[in-house]
Every structure is written in structure tokens, then in C-alpha cells.
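Work through the exercises below with the sequence and the coordinates open. Each task is followed by a solution in steps.

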Amino acid sequence: MILPAIVLFLVMTIYPFIYMIYNSFTNLDLSKKGTGQFIGLKNYFEIFQDRLAISSIEFTILLVLIAVPLEMIFGLGLSYLLRDLFGEKVLRSLFLIPMMVPAAVGGFGWKMLFNFIFGPINYFLGLLGFQPIEWFGKLNSARMAVMIVEIWQWTPFVFLILYAALQALPKDILDAGKVDGASGWKLFMYIELPLLRPIIYVTLLLRIIDVLRAFDTVYMTTYGGPGSATSTWSFYAYKVTVSYGWNIGYGSALCVILVIVSAILINTLTRILNIGKELGLSKE
Amino acid sequence: MTRKKILRIIRFLVAILVLSIFLFPIYWILITAFKQESEWFTTPPVFWPTKFTLSNFLGTGSTTFGTTTTSIAGIIPFLRNSIVVATTTSLVSTIIAAFAAYAISRTKIGGTGLAGWFISMRFLPPIASAIPLYVIFSRISVLNTWWALILPYLVPTTALSIWLLISFFNEIPQEIEEAAYIDGASRTQAFLQVVLPLSAPGLAAAAILAFIQSWGEFLLALVLTSNASAQTLPVYLGRYITGWRVAWGPLSAAGLVTMLPVIIFALITQRYLIRGLTLGAVK
């Protein structure tokens, strides 16, 4: 009964991955005849000399270092804001919408909002007395724009997890803390935050794994530009293989490293979540 | 008491304000879909259409932008592809996942290792499948067909469904099946006629989740299909967005069509969706 699933994963994941690893050692280029010879580790060395690849990996890391922490902070803030508020159920459902909308649609919506001349964002900035920003035209503003979209889309996700975790905090410990005179900020810093720490780690991991896949938003808003300022790891691999060149060998090498990084993070995640116990497969 | 009340009201108002900011992009797509052409590009932008029009959907507006983007009349094949691909993926993945999850739940086959491996399939970066699959599919002439999307979509959807369904089957007491055996049912009969009906809500949730995932998928669809005979709605959106002056009205209409079913389904299955997306970190 379990066979169809195993066959599916072997055929649709393991086989393509092995094929991809093999390709990463060749110079396979679909636009050129007679390619596909074994060239050893050359593709991998090339990554280190490829300015665009490095900048794409850099931007991916920037997303992890800037956008993800902001998502965590906003998500945590939101979960405190909505805690025990009237209508929290309805509010919570509405807050989930950005995360549920297909990323391609969300990206398109933001593309309209960020428009230099006709976009509402520059209009609002103007009302506040700021100069209009050429959102997709300059390195920093384009990077900021992509981060804003990412944060918009994923803060609800963080909020959702932390909100649920907040509801599930053991009441007796909180009460004991209150009896001992902790309140407000102290209660948060010394009692609630330490209790939330494990779930914060899980959320962080889930987010980082997902940032490694970031593609749709970039494609729909900046298309990696200006130059390659907002190109992510996934997006650059797409560009060298499908969009601008057909350099499958090199793109495969980029993906092999991406998969290795992802696999390490995924492995950590499933261990922290203790999948075996969760599913009743093992006692510990 | 009054001070506490005032604080709560302030908190509520802040929450509403934040919510409006978060929903603003969605609102913008929604109203732009019903704006007439003269209100797509204006300074200041039009925040509430003077007249709601359906021309973006029906293609009865003027034709400043040429024929391809003045309406979403051309959306029908993409809509068809999306429906076929998402529905097939959802049905097939639920069936495969139900079998696997049942086996794991009852026999603990493979233990933590196998279950962990299954689940990890949900998180792999799609670009890493897209590139080798592009080469493989082009060699066996599957490229630009529904199957080119259904097959890779089965991976993350089945992975997620297996995970969801194991917990569902765990909750169904084994005694019920044993009673069926005593009545002379075979293992398959017990599964099909006793366990499956009992786990109908779980199966429905898994199917809807699979549908949502495949409906909104963008990267694989972009790489593995190339025209209206197999491209899905998100790619339709992506195709017309490059270029300086995109026709906002019709594209918003298309965006609306693309996101509406997902939002509705997602709100219905919220609880399972959340459980699935967070891998049980939220119950």
C-alpha cells in the first residue's frame, strides 16, 4: 500500500535529483549541439567566480538576515496585539489572507502599488511630504520592495504560529509569575519569551527553508532587477537555465548546493519537531 | 476598569488599521478589476471606482492595449488547465497518500526515518526539480502537457497529505477494523468500507489542500509549460506583467479569478491548512 508513494517520490524526486547531480558535472547546454561532456567540478568552481551568482546568494542571505527577523518581530507583535481581543477569530482569519493568496497574484498586486507614477504607495508618500521613490529602479529601493512583499506575505504565517503558541502557554506558570509581581515587559522577557523559544526556532527554520525557495515574488515584481540586485538563488538558477541561457550544467550545480543547504535545514526541522513521536511511530 | 476598556478599544483600532494595510494589496486588485480603462492610470490613483464595470472580464472595453490584454476572454484555456491540473493532482495525491498513511499508521512501516523522508519532500526547492524535469520531459515529449505539471505537483501534495492523514488514521480505533475482520472482511475491504468513510473529513481536507497548492504553483508551471494548451492561471498573470504599461484592469480581473477559489477553500479548511503549513507546530 505504501508502494505507490515510494515509487512516486523515487521517480519524481530522487531520479531527477540524481540526474541533476550528474548534469552538474557536465557542460550540458540545450542551445548548443554536442554538449554534455563530463567536466568534473568546473561548474562548481565557476560559481565562486560568477559575480551574479554571488550577488544572488547574497540577496537570499539578506532576506534571511533582514526580512525574516522583521517577520518574526511583526508576527510576535501582532499576536500580542490580537491576544484576547474581541472578534479575534474573525481578525485572525482575515490576517491569513496574504499568506493564502497565490504568491504570483500577490506579487502582481504589489507591482501596481509600487508603480512610480500611478501607484498608491508613492501617492501616500507624497501626502506625507516625501519624494516619490523609484521602487524597482534603484538597488536599495528594489531590494526593500521585495522585502516588503515578502514581509507582507509571511508575517501572517509567523503571527499564526506564535498566536497559537501564546494561547497554549501554561496558565499556572503565567499566574505564578504575576503573583511574584512580574507584569507587562518583565512577564514577557522572563517568562513568556523563554517559554516561546522552541516554537520560535521552529518558525525561524520554516521561514528560512522557504526563503531558499523565494521566486514568485521576485519574478512578478522586479524580475531580479535592476541589474541582478534582487535576483535570488532560485531566480538566478532559473535565469541561467531557462530564461537567458540554456546552461543546464551550471544551473544544476547551483541547484545541487541549494538542495544540500535545504536538506540540512529540513533535517534539523524534522528532528526538532520530533516527527516520529508526533505521528506515534516512536516513543521518544 | 474604564482605563482598561479604553486601552482595549485602542488596541482594537490599531488591529483594524494594521489589518487594512495587510489587506490593501488584495483590495487594490479587487477594485482595479472593476475599474474602467480611464481609471487604471491616474494621478492621484482612484481609490473607489466611479463606475463598476465588467468590461475587464468580458472584453467590451476600448482597445488601446491591443487585443491580447484588453480582456480576460483569452483566460478560458488557462482556467481549464488550472482546473484539470489541480483537480487531478488533488484526487491522485489523496489516493496515494491515503494508502501510504494507512500503512504507516497501522504497521509503523519504515518508522520515523521513512515518515521524515516523506515529509521532507514537501520542502524541497521547486527550482531543483524544475531544471532536471525540463530536460527529462523534453526527451520523452511530456513538456507542455497537463502531465508535466500533475506529476511534479504530486510530490509536495502527497507528502503533505501523508503527514496529515497519518494523524487522522491514528485517531480511528483499530478495534473497529478488527470487528470488520471478525465479520469476514478482508484487509482491503476493511480499509475501503470501514476506515475510509470514517476518515472522510481528513480526506476532504487533504484533497482541498492539494488543490490549493497546485492551483497557485508558479515556478514549475512557468518552466514546464509553454502555451495555452497547458499553462495555468498564475503563468497567465506572469506572462502579461512584463513590460512597462501593463493593462491593469484585465490583469486584476485575472488575478481575482486566480485568487478567489483559493481564498474560499483556504478559509473553509483553515484549521487543516494551518496544521499542514506549520507541520503540526500549530494544532
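From the N terminus on, chain B runs α-α-α-α-α-α-α-α-α-α-α-α-α, where helices (H or I, at least four residues) and strands (E, at least two) are DSSP runs numbered from the N terminus. This is a predicted model, in which local features need pLDDT of at least 70 and side-chain atom pairs count only at pLDDT 80 or more, while totals for chains, interfaces and linings use all residues. Residues are numbered from 1 along each chain as its sequence is written, and chains are lettered from A and ligands numbered from 1 in the order in which they are written.

**Exercise 1.** State the confidence of the model and of chain B.

Step 1. The model has ipTM 0.91 and pTM 0.90.
Step 2. Where pLDDT is low, the predicted coordinates should not be read in detail.

**Exercise 2.** Describe the overall build of chain B.

Step 1. Count the elements: chain B has 13 helices and zero strands.
Step 2. Along the principal axes, its C-alpha atoms fill a box of roughly 75 × 70 × 35 Å.
Step 3. Of its 283 residues, 48% are buried, that is, have 20 or more other C-beta atoms within 10 Å of their own, with C-beta atoms placed from the backbone.
Step 4. Take contacts (C-beta atoms, placed from the backbone, within 7 Å) with a separation of 6 or more: in chain B, 73% of them join residues 24 or more positions apart.

**Exercise 3.** Divide chain B into domains and describe how domain 1 touches domain 2.

Step 1. The bounds, from an automatic or database domain assignment, are 2–58 for domain 1 and 74–277 for domain 2.
Step 2. Taken over C-alpha atoms, the centres of the two domains of chain B are 32 Å apart.
Step 3. Domain 1 of chain B brings nine residues to the contact and domain 2 of chain B brings seven.
Step 4. On the domain 1 side, helix 1 (2–33) and helix 2 (55–58) of chain B each give two or more residues; helix 1 has the largest share, four residues.
Step 5. By class, this side has five nonpolar (Ala, Val, Leu, Ile, Met, Phe, Trp, Tyr, Cys, Pro), two charged (Asp, Glu, Lys, Arg) and two polar residues (the others, Gly among them).

**Exercise 4.** Characterise the side of chain B that touches chain A.

Step 1. In this interface, 84 residues of chain B are in contact with 78 of chain A.
Step 2. Helix 1 of chain B gives the most to the chain B side, 13 residues.
Step 3. The chain B side divides into 63 nonpolar, 19 polar and two charged residues.

Terms used: pLDDT = per-residue confidence, 0-100. Contact = placed C-beta atoms within 7 Å. Buried ≥ 20, exposed ≤ 12 C-beta atoms within 10 Å, placed from the backbone.
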